[in-house]
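Hi,

Here is the structure I said I would pass on.

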Amino acid sequence: MQPVEPAPGLALAVERFAFEGRLLFEGLALELPAGRMTCLLGPSGVGKSTLLRLAAGLLPGAVRTASDGEPLSGRIAWMAQSDLLLPWLTVEDNLILGFRLRGADREVLRAARERARVLLERVGLAERARALPHELSGGMRQRAALARTLVEDRPIVLMDEPFSALDAITRHRLQELAAELLRGRTVLLVTHSPLEALRLGHEVRTLEGLPARLGPPLRPAGNPPRSADPALLALEARLLEELAGAGREPLGVAA
Amino acid sequence: MIRLRPLLVATGLLALWQAICLATAVPPYILPDPWRVARTLWTRLDLVLAHAATTALEILLGLLLGTLLGAASALLLAASRRARIWVLPVLVVSQALPVFALAPLLVLWLGYGLPSKVAMAVLIIYFPVTAAFHDGLRRTPQGWLELARVMGARPAAILWRVRVPAALPAFGSGLRVAAAVAPIGAVVGEWVGSSAGLGYLMLHANARMQTDLLFASLLVLCLMALLLWQAVDRLLRCLVVWPSEPLHPA
């Protein structure tokens with residue numbers, strides 16, 4: 001599902017950001033290239049989710065600029081680790097929730113519903129459109145959440161570890177699906193899995209330290225979704241080494 | 001077997017009651033045996049039912065008005081910070097007042113008829129409904145609110161389409177409590193001053209040593225309260241079909 005308008009890039013600048021007394025970011029600048037997927041990789045607690053929230057405008061304290069100079073409001077979609085489906089709405093009604101919340105008129109709503117049906121077909125949930133979320137498996141719910149993110153049809157998509165709660169097989173399938181459906185959009189995907197980042201990202205950035213610093217962009221060869229061939233796995237091992245080395249704690253202490 | 005269990009318990013208790021009456025030979029104006037109560041209920045059914053109708057109307061009106069007022073108050077408290085800081089303390093202090101002590105005043109102000117009993121039921125229902133619903137409205141999972149914000153939702157839409165439905169299970173608990181205490185409000189109101197209703201009939205029968213009639217009225221009141229609770233419970237089960245815990249406490 002290609003976006004209607006060409007997706008702009010997003011530049012994020014954080015002067016200083018402290019959370020619960022800890023200085024998380026200082027002089028941090030993140031550039032999301034237009035129409036590409038950027039994967040942000042780092043150990044837990046480093047502030048990946050916080051950075052994503054800053055990008056989404058859920059937290060104040062960041063200067064956000066779109067590369068086309070237009071305002072950002074109404075151009076961002078967000079997908080969290082948990083599916084955040086409303087349990088009292090059917091899958092289809094969950095998909096068009098954004099339109100209802102914005103008070104869309106009947107015409108717009110009908111178009112959204114049409115789009116929702118198409119996307120449910122794409123994520124393989126067409127049969128379950130009328131089901132309630134608790135009647136679905138975890139993988140199905142996350143697929144519905146992905147479809148909801150796409151129904152919004154925003155050029156910029158921010159994803160906060162959207163696949164980390166899933167089993168390995170379901171995760172693999174959903175990664176392929178997401179890469180395909182998000183093509184052409186500017187995407188920031190936060191993950192703690194180097195392999196996921198390497199499979200899906202046009203660019204992979206690492207975030208580590210306190211205050212957190214961004215590593216230089218890593219651009220694996222080929223187009224995502226990449227298969228996990230030996231070269232990619234070697235890269236994964238290197239990334240893991242690097243990340244583990246940065247925040248190294250004396251391993252012998254615990255043992 | 002499980003469906004029969006309440007019936008078995010009831011039968012057992014009735015048998016125990018009958019046995020105590022037979023064993024102690026207590027005079028019927030102190031403790032009438034169940035058989036006698038049943039006969040009285042049968043012979044005076046018209047009288048008991050007429051009074052029961054009055055009480056039922058008081059309870060239903062009280063429940064309806066109390067729930068509406070409670071729900072409206074909770075919504076106001078959730079929607080406006082100013083309302084919260086001014087009204088919430090008043091609400092809490094008002095609960096420190098024993099509602100029963102207000103009954104004579106209500107009869108004085110609203111008269112012997114229906115309004116004072118309905119007011120009594122409303123007073124007793126109002127707080128549990130308001131407190132439970134308001135609590136539910138405050139505890140909307142953070143993730144849903146953040147999602148709504150990124151989607152560009154209007155605040156009114158967040159309240160109606162996210163916070164209110166999310167608070168329905170909590171509202172339901174408040175309503176169940178309300179359904180259980182509403183009959184108390186109505187009957188206490190009748191005790192203080194009335195010319196109709198099961199509370200009036202019980203007081204009247206008690207004064208004339210017609211203890212069997214008192215028990216018959218009590219029985220009908222119990223049945224009414226049980227039916228009401230069941231009806232409310234059924235209704236809520238239809239309204240809240242999802243598991244009460246959010247799938248992910250995000």
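Below is what I found, starting with some ground rules.

This is a predicted model, so to speak of a local feature I need pLDDT of at least 70, side-chain atom pairs count only at pLDDT 80 or more, and totals for chains, interfaces and linings use all residues. Residues are numbered from 1 along each chain as its sequence is written, chains are lettered from A and ligands numbered from 1 in the order in which they are written, and side-chain values use heavy atoms, with hydrogens and water left out.

**Strands in chain A**

Helices (H or I, at least four residues) and strands (E, at least two) are DSSP runs, numbered from the N terminus. Two strands pair if DSSP finds at least two bridges between them. Take strand S1 of chain A, residues 10-19: it runs antiparallel to strand S2 of chain A, residues 22-32, and nine bridges join them. One example is A:Val14, whose bridge partner in S2(A) is A:Leu28. The hairpin these strands make has two residues between them, and A:Glu20 has a positive phi near 50° there. S1(A) also pairs with strand S4 of chain A (residues 63-66), again antiparallel, over four bridges. There, A:Leu10 has A:Ala66 as its bridge partner.

**Where the chains meet**

Counting a contact as heavy atoms within 4.5 Å, 27 residues of chain A and 23 of chain B take part. Together the chains bury about 2300 Å², with 71% of it on carbon and sulfur atoms; buried area is the accessible area (1.4 Å probe) that two parts lose on being put together, summed over both.

How many salt bridges cross the interface of chain B and chain A? The rule (a side-chain nitrogen of Lys or Arg within 4 Å of a carboxyl oxygen of Asp or Glu) finds one. A:Arg53 and B:Glu146 form a salt bridge, with their closest N and O atoms 2.5 Å apart. On the side of chain B that touches chain A, helix H7 (142-150) and helix H8 (155-192) of chain B each supply at least two residues. H7(B) gives the most, with seven residues.

**A serine in chain B**

Finally, find B:Ser217 in helix H10 of chain B, residues 211-239. Is B:Ser217 buried or exposed? It counts as buried because its relative accessibility is 0%, where buried means under 20% relative accessible area, exposed over 50% and partly exposed in between (1.4 Å probe, protein chains only). Leaving aside neighbours within four places in sequence, B:Ser217 is in contact with B:Leu198, B:Leu201 and B:Met202.

Cheers
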